[in-house]
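Trainee: I would like to learn how to read a protein model. Could we go through one together, feature by feature?

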Amino acid sequence: MNFSEKLKKFRLQNAYTQEEIAKLVGTDRASISRYENGLAIPDMYKAVKLAKIMKTTCEELVTDNLTERTDNYGQIT
């Protein structure tokens with residue numbers, strides 16, 4: 001599950017609307033919609049706020065299936 005899917009899942013589990021999350025994060029509803037549709041990603045500050053609001057960690061929110069993928073040089077991608 002990728003970031004956008006997890007964000008929407010956590011938002012719905014916590015019974016928030018996009019508008020409510022936007023106000024708590026300090027952005028607009030359209031930005032939350034873009035995050036959930038994979039059209040944009042939040043900056044680190046907003047990602048941390050989103051994780052706290054969703055009662056999860058940034059790692060859980062941004063890591064795809066909680067597995068690390070590496071490229072040919074051993075760098076985490």
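Trainee: What is the largest nonpolar core here, and which residues have the most contacts inside it?

Mentor: The general idea comes first: in soluble globular proteins, nonpolar side chains tend to be buried together. A nonpolar core is a set of buried Ala, Val, Leu, Ile, Met, Phe, Trp, Tyr and Cys residues joined through side-chain atoms within 4.5 Å. Buried means under 20% relative accessible area, exposed over 50%, and partly exposed in between, with a 1.4 Å probe and protein chains only. In this predicted model, the largest such core has 13 residues, and those with the most contacts inside it are Phe3, Leu7, Ile21, Ile32, Tyr35, Leu50 and Leu61. The elements giving two or more residues to this core are α1 (3-13), α2 (18-25), α3 (29-36) and α4 (44-53).

Trainee: How many helices and strands does the protein have?

Mentor: Helices (H or I, at least four residues) and strands (E, at least two) are DSSP runs, numbered from the N terminus. The protein has 5 helices and 0 strands. Of its 77 residues, 32% count as buried.

Trainee: Which residues does Ile21 touch?

Mentor: Contact means heavy atoms within 4.5 Å. Leaving aside residues up to four places away in sequence, Ile21 touches Arg11, Tyr16, Ile32, Leu50, Ile53 and Met54.

Trainee: At what angle do α2 and α4 pack?

Mentor: Two packed helices are described by the angle between their axes and the distance between the axes. Axes are lines fitted to C-alpha atoms, for helices over the stretch in contact, and angles run from 0 to 180 degrees between N-to-C directions. For α2 and α4 the angle is about 125 degrees, with the axes 10 Å apart. That makes α2 oblique to α4, since angles under 35 degrees count as roughly parallel, over 145 as roughly antiparallel, 65 to 115 as roughly perpendicular and the rest as oblique. On the α2 side, Ile21, Leu24 and Val25 meet Lys46, Lys49, Leu50 and Ile53 in α4. By class, this contact of α2 with α4 has 5 nonpolar, no polar and 2 charged residues. Here Ala, Val, Leu, Ile, Met, Phe, Trp, Tyr, Cys and Pro count as nonpolar, Asp, Glu, Lys and Arg as charged, and the others, Gly among them, as polar.

Trainee: And how do α2 and α3 pack?

Mentor: Their angle is about 110 degrees, with axes 8 Å apart, so α2 is roughly perpendicular to α3. Gln18, Glu19, Ile21 and Ala22 of α2 make the contact with Arg29, Ile32, Ser33 and Glu36 of α3. Those residues divide into 3 nonpolar, 2 polar and 3 charged.

Trainee: Which residues of α3 are buried?

Mentor: They are Ser31, Ile32, Ser33, Tyr35 and Glu36, and they pack against α1, α2 and α4.

Trainee: Where is Ala15, and is this residue buried or exposed?

Mentor: Ala15 lies in the loop between α1 and α2, and it is exposed, with a relative accessible area of 65%. Although Ala15 is not a glycine, its phi is positive, about 55 degrees.

Notes:
Residues numbered from 1 in each chain as written. Predicted model: local features only at pLDDT ≥ 70, side-chain atom pairs only at ≥ 80, totals over all residues. Heavy atoms only, no water.
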